[in-house]
Amino acid sequence: MFKLFTKGFWDVIARLILRNKIGILASIIIVTILFSSQWKNMRFTYTEANLLPDDHDVNQVYNNFLDIFGEEGNLIVFGVKDSTLFTVEKLNAWNKLSETFKTFNEVETVVSIKDLQKLVKDTDNERFLLEPFIKDSITSMSQIDTLEQELFKQYPFYDNFLYNKETKTVRTAVYLKKDIVNTAARKDFVFDLLVPEIDAFEAKTGIDVRVSGMPYIRTLNAQNIVDEIGEFIAAALFVTSLIFFLFFRSFRATLISLVVVCLGVMWTFGIIGFLNYEITVLTALIPPLIIVIGIPNCIFLINKYQQEVKLHGNKVKSLQRVITKIGNATLMTNVTTASGFATFILTESQLLKEFGLVASLSILAIFILCLLIIPIIYTFLPYPKDRHLEHLNKRWIGGFVDWMERMVKQRRITIYISALLLLIASMIGINQIKISGSLIEDMSKEAQFFKDIRFFESEFNGIMPMEILVDTKRKKGVMKLSTLKRMNELEDLINEIPELSKPISVVSLVKYSKQAYYNGNPKYYQLPTSQENSFIMSYAKNSSAESNLLENFVDSTGQYARITTFMKDIGTDKMERIEEDLQAKINKLFPKEQYDITITGKALVFQKGTKYLIKNLVISLSLAILLISIFMAYMFRSFRMIVVSLIPNLLPLVITAGLMGYLGVPIKPSTILVFSIAFGISVDDTIHFLAKYRQELQSNHWKIRKSVYGALRETGVSMFYTSIVLFFGFSVFTISSFGGTVALGALVSATLLFAMLSNLLLLPSLLLSLERNIANKEVLKEPAINIIPDENDSDTNEINSSTEKNT
């Protein structure tokens, strides 16, 4: 009954398409215009990809920190490691550069060498005062000598913040206003103000300035994403169209395919705009992805049209058969591919949800465009010329199919042994896979801003902020000496960890206060004793200078304090060990009934997000396998067929995972997409093969061997064509400057190549070896979904006559 419905349904679809050509084309143009009107809603993300759900514990801790102390990622630093800086002319130019940034509305505050101030003791008024190191401009080398002596030897409070006393590296800190950090104004500031000012300074002085900080890195990284979208689309169009042309030798067919996929890209951008989503590093991959997936649809449809024309020469009959025969097959394969992406919607990560929704809708959209446009355009075009049909007789393709058939006939044991050895080797490789939670690992290693990151890591031990929030559970609890001593011990541990920078907190300020109380003697840079504390605190209470410094480290109630350190770009394993060491020290130092201590910061949130995504990978891949298994069960109504169909598609995933282990490619947000994407696409070949195999069984009176070889010859060429297009199509991602995108493209390409060989060698071998177990006529005779209609199921006289009149 369902078979009759399916046949009738596609007959109706063919009739509607071929009878209403002008109306359908006009509708496509209108929809394209409507989607184009939504492009104005597209915007590029100005925040880091938050991989965790909003209600996740790690996010809640981080948001609680932001509520107390505000945005932590608002620091831009620029530094110089050049001995010639310490000359009158160049040091004044450096200070002038820093002063210039104070005039910009986007800047909250600037801290440079000229802004550094000494905390000095005012004995008469029993208070502390702030005096600048540099009162006006530098006029002599003696002033510079005095400045170096004081900075590098007398005042450890500022050490490793604005200078490195060992290497004499100097930097300036620019704090952006917190309300613009995650907006477009940040981009305008970086490109229109910051970069031109620094370029002018470099041109004037000949000094090389290094720039970094999260707002700067995020801005340049986001711009790279924007720039690469156009490059990916252009490369995908060029590569796929070139391969398409080499296969078909037809400019006309190539141009039609390009029009279809370009419309698909326009619809994709329209979907993003309509849903009001931001363009992230993931959604930026979808437009070229649609090109790569759309071209195989075009290959199936145009190849079938040319086969039919060569067979009987009736154009209308050929186009009707293209819709009724290939339409159903491409619908099923596109649905399975879309299902692989749609599983991301069921995860709890907003980033993956948006990616999954846009990708799945775009895949279905490109299917609709292919099915409507290609048959309609060919009704207006003349018959293909003989040279356009030559590819159907290519000997080298026939040789490839003959080789596969010989392997399946004569070397099945070799195929099984090879598959088993690959499986064992891959399992060993999987055990070597590492997880990466690095914020900068995927960035271009050749980009100047990446080299600057490494510079600041070397000179100041990192730029990735990590925060420790101390909650004393009572007002003014931070300034109690017992709390300060506990914080000091924790900072001692941080100082011993080479991957972390020197911590900054209220402890440093209290130590600085004691040094000031003893007239700036650096040997007194330490916490006061209980007796000293009462005297020093009395000075601090009378001092507005210390209050200004204090507000950066302690909240207004005195209940919360922060310890800020910066982390190098390290792997997830090291980061976890550091967190464990810190947590062990915290548990030992801070009684839970008196203190609530939490570790947070952007680097930590990203690392936790990566771990969370690993769980989501397992969930999404399991859902994809489950959905496709249900689809196979509904289509073939056989559990054995489900197992047989899954094995050739799971093996390539295992091989790819093994390769990741051997090649040192870590599991990270970009590479976890490989498995669901590759599985959703590779299973299409299985569906095509098994559908043709069932049809061959019916035609050959259930002779298994003859049916397997017939299906292999029939589907081998189209599977080879589409796999080559997909392989080179995904390979365009390897031109990216982002390491994760390169890995994604290379791994998906490799997986799909393995999947093609697996479906053309292992799948038919399994069908032959298990023929007695799966050759159940009652199961396969009447499938729930008839993907490829029988030869006598198509071409009704009504369609032929009516469409001929319309053409």
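**A close look at one strand**

A: Let's start at a turn: in the hairpin of β6 and β7, four residues lie between the strands, and K168 takes a positive phi near 65 degrees there. Keep in mind that this is a predicted model.

Strand β6 covers residues 163-164, and two bridges pair it with β7 in the antiparallel sense. You can find one of these pairings by locating N164, whose bridge partner in β7 is T169.

Next, follow β7 itself, which spans residues 169-176. Strand β2, residues 75-80, also pairs with β7, again in the antiparallel sense, over six bridges. To see this pairing on your screen, find F78 and then T172 in β7, its bridge partner.

Strand β3, residues 107-111, is another partner: four bridges join it to β7, and the two run antiparallel. Here V107 stands opposite L176 of β7.

How enclosed is β7? Seven of its eight residues are buried, meaning under 20% relative accessible area, so the rest of the structure largely encloses this strand.

Finally, step back to the whole protein. It has 27 helices and twelve strands. Of its 807 residues, 59% are buried. Among contacts with a separation of 6 or more, 81% are between residues 24 or more positions apart. The protein exposes about 32800 Å², and carbon and sulfur atoms supply 57% of that area.

Key
Residues are numbered from 1 along each chain as its sequence is written. This is a predicted model: local features need pLDDT of at least 70, side-chain atom pairs count only at pLDDT 80 or more; totals for chains, interfaces and linings use all residues. Side-chain values use heavy atoms; hydrogens and water are left out. Buried means under 20% relative accessible area, exposed over 50%, partly exposed in between (1.4 Å probe, protein chains only). Contact means heavy atoms within 4.5 Å. Accessible areas come from the Shrake-Rupley method with a 1.4 Å probe; for residues, only the protein chains shown count as cover. Two strands pair if DSSP finds at least two bridges between them.
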